[in-house]
Amino acid sequence: MNHKGIEIASGMEISYRESGQGSPLIFLHAFPLASAMWEKQIETFSATHRVIAPDARGFGGSDGFRENETPSILQMARDLNALLDALQIEEEIILCGLSMGGYIALAFAREYSQRLRALILCDTRAEADTPEARAKRSENIAFLESHDSAAFIGKMLPNLLGETTRRDNSGVVETVRVLASSQSAKACRDALRAMRDRPNRSDELEDIGVPTLVVAGNEDGIIPIEVARATAAKIANARCEIVTGAGHLSNLENAAQFNAVSREFLDDF
Ligand code: MLT
């Protein structure tokens with residue numbers, strides 16, 4: 001697997017992992033992580049696809065939002081479009097986004113539907129934040145003014161991972177802790193702002209014209225499975241799969257089942 005960077009605009013480099021050949025399959029990571037969270041999926045799906053997992057702005061090895069820019073999920077979707085251009089990918093892509101990655105995938109589906117072959121939306125929602133959730137984001141932004149990402153993930157971890165993982169899988173707990181702790185506080189603040197201010201996209205679900213798989217962990221404390229089922233119900237050609245023994249980070253918490261349901265979906269193309 002290769003981890004490299006490419007300039008998508010003047011002075012703006014995005015880093016990404018890439019492996020395999022074939023139809024492009026893109027993985028967009030969750031907050032506050034980076035493309036490394038997709039290691040097991042890259043390993044599995046690079047046997048059949050050209051797998052690309054970018055780091056969102058400020059995360060992993062990617063350059064962050066500049067001081068004069070307003071962080072937004074839409075900009076992150078535009079970054080993906082620019083990355084595809086920079087990599088000269090003209091073929092339609094299969095786009096898989098988890099949580100924040102799902103917010104970006106939904107923005108991309110709206111803006112660049114012509115580039116899309118299929119969608120996988122994991123542990124994510126189309127609705128905007130509630131006023132309470134927005135207030136919590138602002139509180140976390142303030143926390144990250146005086147604390148680093150290690151302190152932040154310490155607070156967040158119980159919500160991110162399901163009970164089964166926290167009890168039985170210290171390897172995944174540590175992977176998430178280490179990966180999140182290595183992200184900058186500024187990247188986290190910018191992403192929190194982008195998520196807090198993202199628009200409601202639930203009315204756009206009915207316009208999604210590509211086959212879609214919605215995936216949810218049955219122990220997800222952030223996005224309940226009812227939300228995942230309702231999301232799938234609004235998309236014309238969608239199905240919903242529940243990953244068991246997994247919380248919000250279903251691809252890491254039960255990689256075997258996550259990969260199996262994704263493989264079954266991808267086999268249709
Ligand atoms: C994520 O996993 O990307 C975040 O939990 C999403 C969110 O906070 O809305």
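Select Y103 first: beyond its neighbours within four places in sequence, Y103 is in contact with I73, T124, R125, R137, M195, R198 and I223. Keep in mind that this is a predicted model.

Is Y103 buried or exposed? Its relative accessible area is 7%, so Y103 is buried; the cut-off for buried is under 20%.

Go back to I73, one of the contacts of Y103. Select residues 73-86, and you have helix α2. This helix has 14 residues. From first C-alpha to last it reaches 20 Å, close to the 20 Å expected at 1.5 Å a residue. Colour its buried residues: I73, M76, A77, D79, L80, N81, A82, L83 and L84. Then step past the helix to Q88, which follows α2 and has a positive phi, near 55°.

Last stop: select α5 (residues 149-160) and α7 (residues 170-181). How do they pack? The angle is about 145°, and the axes are 9 Å apart. The crossing of α5 and α7 is right-handed. Show side chains here. From α5 come S149, A150, I153, L157 and L160; they meet V173, V176, R177, A180 and S181 of α7. Colour this contact by class, and you get 7 nonpolar, 2 polar and 1 charged residues.

Technical notes: Residues are numbered from 1 along each chain as its sequence is written. This is a predicted model: local features need pLDDT of at least 70, side-chain atom pairs count only at pLDDT 80 or more; totals for chains, interfaces and linings use all residues. Side-chain values use heavy atoms; hydrogens and water are left out. Buried means under 20% relative accessible area, exposed over 50%, partly exposed in between (1.4 Å probe, protein chains only). Contact means heavy atoms within 4.5 Å. Axes are lines fitted to C-alpha atoms, for helices over the stretch in contact, and angles run from 0 to 180 degrees between N-to-C directions. Helices (H or I, at least four residues) and strands (E, at least two) are DSSP runs, numbered from the N terminus. A crossing is left-handed if the near helix is turned anticlockwise from the far one by less than a right angle, and right-handed if clockwise. Ala, Val, Leu, Ile, Met, Phe, Trp, Tyr, Cys and Pro count as nonpolar, Asp, Glu, Lys and Arg as charged, and the others, Gly among them, as polar. The expected span of a helix is 1.5 Å times one less than its number of residues.
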